Amino acid sequence: MSDSRDTPPEGGGLHAPLARLLRPLIRLLVARGITFPALTDLLRELYVNVAEYDFVLPGKEQTDSRVSLLTGIHRKEVRRLRGAGAPVSAVPATVSRTGRIVARWLADPAFTDAKGQPLPLPRNAEPGKPSFESLVAGVTRDVRPRAVLDEWLDRGLAFADAQDRIVLAEAAYLPRADGDAEAQLYYFGRNLHDHFAAAAENILGPSPRFLERAVHYDGLSEELAGKLEARARELAMEALTQANREAHAACRDDAGGTHRWNFGLYVYREAEGRVPGAAAERADKG
């Protein structure tokens with residue numbers, strides 16, 4: 001049991017929401033064999049890292065004593081763990097390449113029809129004509145288009161139709177756990193990080209900076225919850241496809257820099273395990 005004396009009054013309100021958001025993560029960790037001692041070691045390192053790099057006082061050197069004070073971790077442990085540098089999440093090469101090719105196929109007018117849908121592409125075509133080869137070549141010269149195609153066909157990301165044209169099998173890049181674990185775990189970390197970071201910034205900052213909202217109804221039948229989920233998927237994909245199309249076009253004239261942008265949507269439903277009541281609409285604002 002936690003000791004309330006260890007938590008300042010302004011942090012006490014975080015206990016309940018923290019327990020709720022961590023529960024699915026703990027379920028994943030237990031299912032994958034990540035034990036509590038292993039998680040504790042990781043948390044200790046992260047506490048030191050965040051205190052060391054994110055809470056430096058202007059004009060002052062960050063000391064072991066201050067990091068210890070901020071984190072509650074003994075100075076000997078702080079001294080051992082300091083200096084590792086901020087964690088870096090490198091994008092796996094396959095994930096980066098595949099994501100960029102799919103994004104171009106969904107956004108570039110040369111590879112979409114009048115409705116904005118990705119065109120079936122011949123494997124090769126005359127210069128200036130859309131083809132799978134020109135699609136890939138416009139994104140990367142490091143890998144041959146044929147190698148990318150073989151990989152995509154094997155993973156089910158694309159298939160050949162009756163006219164031997166290459167068709168995109170998914171409206172977006174959806175990594176599968178059975179054959180694309182590296183990509184799935186990368187997006188797991190990146191997307192949840194950005195969602196948590198936006199929500200945390202909205203709490204810590206003087207006023208909400210990031211859009212972080214949800215529409216939800218309680219006390220629904222399973223049938224209606226399923227229908228709403230299906231419709232939400234359609235609406236979400238429409239929004240993501242349009243955002244991708246506009247971002248792709250805007251990037252052509254951008255000088256480039258050090259910033260990144262992520263626009264995400266999520267849909268979730270579950271059985272609440274309580275007596276159904278009247279459905280109530282709420283709009284959560286971050």
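A nonpolar patch here joins Val, Leu, Ile, Met, Phe, Trp or Tyr side chains within 5 Å, each residue having over 30% relative accessible area and no salt bridge. I am working from a predicted model.

**Entry: surface**

I looked for such a patch and found one. Its members are Leu-14, Leu-18, Leu-21, Leu-22, Leu-25, Ile-26, Leu-28, Val-30, Leu-185, Phe-188, Leu-192 and Phe-196. Together they have about 980 Å² of accessible area.

Next I checked the secondary structure. Both α2 (15-31) and α9 (181-204) supply at least two residues each. The largest share is from α2, with seven residues.

I then picked out Leu-21, which sits in helix α2. The cut-offs are under 20% for buried and over 50% for exposed.

**Entry: interior**

In soluble globular proteins, nonpolar side chains tend to be buried together. I turned to the buried groups here.

The largest nonpolar core holds 17 residues. Ile-101, Trp-105, Phe-132, Leu-135 and Trp-152 have the most contacts inside it. I traced which elements give two or more residues to this core: α6 (93-107), α7 (132-137), α8 (145-155) and β2 (166-168). The most come from α6, which gives four.

Leaving out residues up to four places away in sequence, Leu-135 touches Ile-101, Arg-104, Trp-105, Phe-111 and Leu-121.

Conventions: Residues are numbered from 1 along each chain as its sequence is written. This is a predicted model: local features need pLDDT of at least 70, side-chain atom pairs count only at pLDDT 80 or more; totals for chains, interfaces and linings use all residues. Side-chain values use heavy atoms; hydrogens and water are left out. Patches are made of residues with over 30% relative accessible area and no salt bridge: like charges are joined within 9 Å, nonpolar side chains (Val, Leu, Ile, Met, Phe, Trp, Tyr) within 5 Å. Accessible areas come from the Shrake-Rupley method with a 1.4 Å probe; for residues, only the protein chains shown count as cover. A salt bridge is a side-chain nitrogen of Lys or Arg within 4 Å of a carboxyl oxygen of Asp or Glu. A nonpolar core is a set of buried Ala, Val, Leu, Ile, Met, Phe, Trp, Tyr and Cys residues joined through side-chain atoms within 4.5 Å. Buried means under 20% relative accessible area, exposed over 50%, partly exposed in between (1.4 Å probe, protein chains only). Contact means heavy atoms within 4.5 Å.
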